[in-house]
Amino acid sequence: MTELEKKTIKIAEVTRVEGHSAVHVEITDGQVTDVKMEVTEGKRFFERMLLGHQFSEMPHLTSRICAICSAGHVLAAIHSVERASGITVSETTRLFRLLMQMGMFIESHATHIYALALPDFVGAQDVADLATRFQAKFIEWTKLRSLGAAIQTTVGGRPFHPVNLHVGGLSHYPSVAQLEPLLAQLKEYQQIAVDLCELLLGFAPPVRRTTDPCYMALIPPDGEYGYMGDRVKASDGWEDSIDNYKEYLGEKVLPYSHAKQSNARGKSLMVGSLARLALFGDRLGRMAKPLYEKSPIASGDTNTIWNNLAQALELVDAIEQSIAIIGKLKSTPYQIDLHDPRKQSIKAGSATGATECPRGTLYHHFVLDDSGKIMEADIVTPTAQNVGRMEVDIREVVQQAKDPTAAEVRDHLETLLRAYDPCNTCATHMVSISYR
Amino acid sequence: MTERGKSLPTIALEELAGCAGELLVILENLDQLLPFARVLRFRFGQSRNDTGPVDISFVEGSVSQPHDLETLKLIRQRSKMVIAVGNCAVWGCVQGSCAQKYPVPEMLRKVYGDDTHIDSLPSAGIDNYIKVDAKLSGCPINATQLLAVAASALRGHLPYVIQKPVCLECKYKENVCVLVEQGLPCLGPVTAAGCGALCPSLGAACYGCWGVCEAPQIDAMTSTLTDKGYKYEEVRSRLTTFGGSEKLFGRDETSAAGASCITAE
Ligand code: SF4
Ligand code: SF4
C-alpha cells in the first residue's frame, strides 16, 4: 500500500437477528483501527420497573424482556426467589420445569438455525426464499419449532411468556394423557434433528477465528449435560459460585451502545451452545454424543460459526432429554406443590438465580423484604456477555480479508454475528445495574 | 415473481422496542399469510427490505427513543393502514408502566452514568404519536386473533377486535372462578379478552397481560381485592403493569378511559 488509506465498513442494520444493532469498522492503512458493535434497540428500564412488585410477579414480568427466551427468564427468576426464600419444590415440579426448558431450547434453536442462519448456508436469501425454494427445509423447521412450542404450551400454557410456572410450583399439572402426544412427536422428529447436524457438519466455515475466547457456562449437576446449576466454569479451568457473579463479570458502559458489555475476569468471554459443548460436550446423551465426537468442536476448533452446529447438537440432546423426562413423569405419581402466593412463607433475603438459555448463561439477582417485595433487581443476559467477543471476531474477520470493503466481507460479518444468535432486545433491556 | 404475486396486497412487519414476541408469532404463522400478501419489510425475518409505500404495516413494540419516533412517522407516511400489534404497541406494556412512575432522565443516569448522551423517551403505545387504524393487544398476541385481523385488513376492512373482559371467555369455558372460589387476585374482570381466559383455565389468576378492557370497573376491582386482603398498593401496581393508566384511579375518569379499540377513519 503506497499511501495512508482510510476505509470504513458500515452495516447500518444487521438483519435476521433479534432487535436492532449496527456494525462500524474503521481501517487505516490496512489495519483495523476501530470496531464498534452498536446495539441501538430502545431501552425499557426493566430493573427499575421490577422494584416494588411482589416476588410472585417476577417470573411474569421478567419474561417480557425477551419472547424467545421467556421461559429462561421465568426459570431464572424462580431460581433466584426460591434461593432467597429457601423454598424447595417437589421432583415433579422440577421435572416439569426441565421439560419447559427443553421446549425452549428446541423452539429457539430450531428457529435460529433454520429461519435465521441456514439461508446463508444453503444459498437462500431469507426464510421466505427458504419457504419457496427449499420447502423441505422449511417444513422441517415448522415441525421442530412446533414441537418446541407444543411442549411449552403443554407445560407453560402458551408458546412463550408462560403463565403456568410460578415460584413454589405450577398452577396446573399437565396429565400424563397430555404428555403422550408430545412423546410421540419427540420420537418422530428426533431424526430430523440428527439429519440437521449432519447437514451442518458438512459446511466449511467462511472465515477463521484466530484467537480463542474464554468460554463460560453453568456446571450441570450429577455429571449430566444440562442447563441448570449453581456454579459456573470457564475454559481456563476456573470455577465459582453464581453468587459471586458481580465479581467475576466485569461490565462497562460504552458511549456508542445501549447494551453494556461484560467480560470474564478481564477476558472477552463467549457463552452459549458452543461454550457449553466445549466445556461439557463429553456429557451429551446417547444420540448427540457420537455426532459431537466427529465434529470440529470436539477436536478443539473454536470458530464461532460452529455455534450453529452446537445448537443443532443441543437440539438432538434436548429431544432425547425430553423423552427421558416424560418417561420419568409417567412412571412416578405426581407430587403436587402449592402455588398460592398467599400461603408461601417468604423471608427477607437476597439471592442470585441463573439458568442456561439458548444464547448462554442468564443471571437474575433479587433482594426481597419480609413482605416479599422486590427491593433490588439486577439481570445480566447472555448477549450482554457476548458483545465484547463479537467485536473481537469482527476485527479478526476484517483483518484477514484481502479487500476489507468487498461486499463478501460484509456478508461474512453478518453470517458470523448471526451465528452468535444475538438477542439485542435482551442486551439492551438488561442494562445491568442494581437499583436501591 | 408471478403476475399474481405482484397484484397481492403488501404488508410490512415493523419492530420498535419490545420483546420481539409479536414478530415471533408472525414468523411462525408466516406460511398462512404468504399466499395472500407480499411481505415488503420484515427485518427480523428477511434480508431484502423495501422502504416504499405499503398497504398494511403491523407495528410491534413501543416508542422508547427519538429514533423509534422517527421510524414510526415514516411507517405512518408510507402505509395505508397501520395496525398496532401486541401490548407494547397498544399500551406501552411493562416499560410504559415504568415510564408512568419514574422520570426517564433519572433512570438513564442511573443506568448509563451522569454524562450519558443516550436519548430516551418515556415508553408509550404508538397511538400517542400517530394515528393507528386498529389495535390488536396481547402479550403475546394470539395467533388466531392475528390471522382474523390480517384477513379483514387484507380485504381492506377495518378489523374488529373484541375488548370485553376476560371473565366473558372464562364463563364460556365454564371455568371455576379463581377470584370468587379461591380468592386468587384475578384481574379478569378489568382485562381485555382474547387469550381465551388462559390463566383461570389453568387455575391461576389473570395478571392483565392483554391490557384493560373497555370501560374497566377499576374501583370495583380494587375494592374487591382489598376486601380479600390484598394491599391497595400491590393491587394498584398490578393493575397498571400491563397498560392500565394511573389515570384510571379516580371515579370520574373510569368510563372515559377504556376507549374502544378501533379508531375509525
Ligand atoms: S376466574 Fe378471573 S377471569 Fe374468570 S370469571 Fe373469575 S374473575 Fe373473571
Ligand atoms: S388470563 Fe390475563 S394474564 Fe392470563 S393470558 Fe389472559 S390476559 Fe394474560
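**A helix across a sheet, and its surroundings**

Author: The model is a predicted one, in which local features need pLDDT of at least 70 and side-chain atom pairs count only at pLDDT 80 or more, while totals for chains, interfaces and linings use all residues. Residues are numbered from 1 along each chain as its sequence is written, and chains are lettered from A and ligands numbered from 1 in the order in which they are written. Helices (H or I, at least four residues) and strands (E, at least two) are DSSP runs, numbered from the N terminus. Axes are lines fitted to C-alpha atoms, for helices over the stretch in contact, with angles running from 0 to 180 degrees between N-to-C directions; contact itself requires C-beta atoms, placed from the backbone, within 7 Å.

A:S85 belongs to helix α3 of chain A. This residue counts as buried because it has 21 C-beta neighbours inside 10 Å; the term buried asks for 20 or more other C-beta atoms within 10 Å of a residue's own, exposed for 12 or fewer, and partly exposed covers what falls in between, with C-beta atoms placed from the backbone. Once its neighbours within four places in sequence are left aside, A:S85 is in contact with A:I346, A:K347, A:G349 and A:L368. A:G103, by comparison, stands 18 residues from A:S85 in sequence, and the two are 27 Å apart in space, C-alpha to C-alpha.

Two strands pair if DSSP finds at least two bridges between them, and here six bridges join strand β13 (residues 360–368) of chain A to β14(A), the two running antiparallel. Within β14(A), A:A377 stands opposite A:F366.

Elsewhere in chain A, three antiparallel bridges link strand β6 (residues 214–218) with strand β7 (residues 231–234), and A:L218 has A:V232 in β7(A) as its bridge partner. Strand β7(A) also pairs, antiparallel and over three bridges, with strand β8 (residues 239–241) of chain A, where A:E239 stands opposite A:K233. β7(A) and β8(A) make a hairpin with four residues between them, and A:G237 in the turn has a positive phi of about 95°. Chain A as a whole holds 14 helices and 14 strands, and 57% of its 436 residues count as buried. Of the contacts in chain A between residues at least 6 apart in sequence, 73% join residues at least 24 apart.

Ligand 2 lies between chains A and B. The residues around it, among them A:V163, B:V166, B:C195 and B:W210, are those whose C-beta atom, placed from the backbone, lies within 6 Å of the molecule. This shell around ligand 2 divides into ten nonpolar, two polar and no charged residues, where Ala, Val, Leu, Ile, Met, Phe, Trp, Tyr, Cys and Pro count as nonpolar, Asp, Glu, Lys and Arg as charged, and the others, Gly among them, as polar. Around ligand 1 there are 13 residues, of which B:C167, B:C170, B:C177, B:C186 and B:G188 come nearest. Helix α9 (residues 166–172) of chain B gives the most to that shell, with three residues.

For chain B, the domain assignment, a term for bounds that come from an automatic or database domain assignment, gives domain 1 (10–154) and domain 2 (166–259). Their contact takes 14 residues from domain 1 of chain B and eleven residues from domain 2 of chain B. On the side of domain 1 of chain B that touches domain 2 of chain B, α5 (86–91) and α6 (93–101) of chain B each supply at least two residues, and α6(B) gives the most, with five residues.

Helix α6 also figures in the packing of helix α12 (residues 232–241) of chain B, whose buried residues include B:V235 and B:L239: the buried residues of α12(B) pack against α6 and α11 (218–227) of chain B. Just after α12(B), B:G243 takes a positive phi of about 125°.

How values were computed: Contact = placed C-beta atoms within 7 Å.
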